[in-house]
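Notebook open, structure viewer up. I want to jot down what I look up as I go.

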Amino acid sequence: MKQQTKKYWLMKSEPSTYSIQDLKKSGKDLWDGVRNYQARNFMIKDMQVGDEVLFYHSNSKPPGMAGLACVSKSAQPDPTAFDPKSKYYDPSSTKGNPRWFCVEVKFKSIFKKFIPIEELRREKALSKMLLLKKGQRLSVMPVTKREYMHILKLSNKKGS
């Protein structure tokens, strides 16, 4: 059986909705509520158990890198799409024909040093990072191994 190559991801969440501290408390959780087709497709087609995740706090003051997680279960239908009480409810998504998917992520660590986006922007090694491109709003996006390792260095964390 062919060994799959580990991939690296960035997942954004507003800390007022779901923070790295919330993930630490729960240990693992579904990354649900994603309602963008490109982000969904990354989860369905590309994310694998064991992939590394940078946890990014968005829409905070300041926004930035908060910690690490990993993919602990592959894509499955997003249960919030079927729940009429959820703000992510989608009546056109059915259990027989789900439109939205999510992966389970497992907490790894909170960075010793939070890395604000302005610090990320100053790093030449991160100049091509998708997160830093103008107009980039995806909540799930790939990062290169080099970008991932550079961010670990900035956070005072050792690589995995």
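Predicted model: local features only at pLDDT ≥ 70, side-chain atom pairs only at ≥ 80, totals over all residues.

First thing I asked: are Tyr8 and Tyr148 buried or exposed? I checked, and both Tyr8 and Tyr148 are buried.

**Aromatic pairs**

I searched for ring pairs next and got four aromatic pairs. I looked up two of them in detail.

Tyr8 sits in strand 1 and Tyr148 in helix 4 (residues 145-154), so I have a link between distant parts of the chain, 140 residues apart.

Trp31 and Phe55 are another pair, this one edge-to-face: I noted 5.4 Å between centres and 85° between planes. Trp31 is in the loop between strand 2 and helix 2 (37-46), while Phe55 belongs to strand 3 (residues 52-57), so the pair ties together parts that are 24 residues apart in sequence. I looked at burial here too. Trp31 comes out buried at a relative accessible area of 8%, and Phe55 is buried with 0%.

**A charge over a ring**

I also checked for charges above rings. Arg40 lies over the face of Trp100, and I wrote down 5.9 Å from the ring centre.

**Largest pocket**

What volume does the largest pocket have? I get about 840 Å³ of space. I sorted the lining residues by type and found 11 nonpolar, nine polar and 10 charged.

**Whole chain**

Last, I zoomed out. I count four helices and six strands in the protein chain, and from the N terminus on I read their order as β-α-β-α-β-β-β-α-β-α. The C-alpha trace spans about 45 × 45 × 30 Å along its principal axes.

How does the radius of gyration of the protein chain sit against that of a compact globule? For 160 residues I would expect near 15 Å, and the chain has 16 Å, which agrees. For burial overall, I noted that buried residues make up 46% of the 160 residues.

Technical notes: Residues numbered from 1 in each chain as written. Heavy atoms only, no water. 1 Å grid on protein atoms, 1.4 Å probe; cavity = no way out; pocket = protein on both sides within 12 Å on 5 of 7 lines; lining within 4 Å. Points joined across faces, edges and corners; volume = space filled by probe spheres on them. Nonpolar A, V, L, I, M, F, W, Y, C, P; charged D, E, K, R; others polar. Phe/Tyr/Trp six-rings, centres within 6.5 Å; stacked < 30°, edge-to-face > 60°. Helix = DSSP H or I, 4+ residues; strand = E, 2+ residues; numbered from the N terminus. Buried < 20%, exposed > 50% of the residue type's maximum accessible area, 1.4 Å probe, protein only. Lys NZ or Arg CZ within 6 Å of the ring centre and 35° of its normal. Rg over C-alpha atoms; globule rule 2.2 N^0.38 Å.
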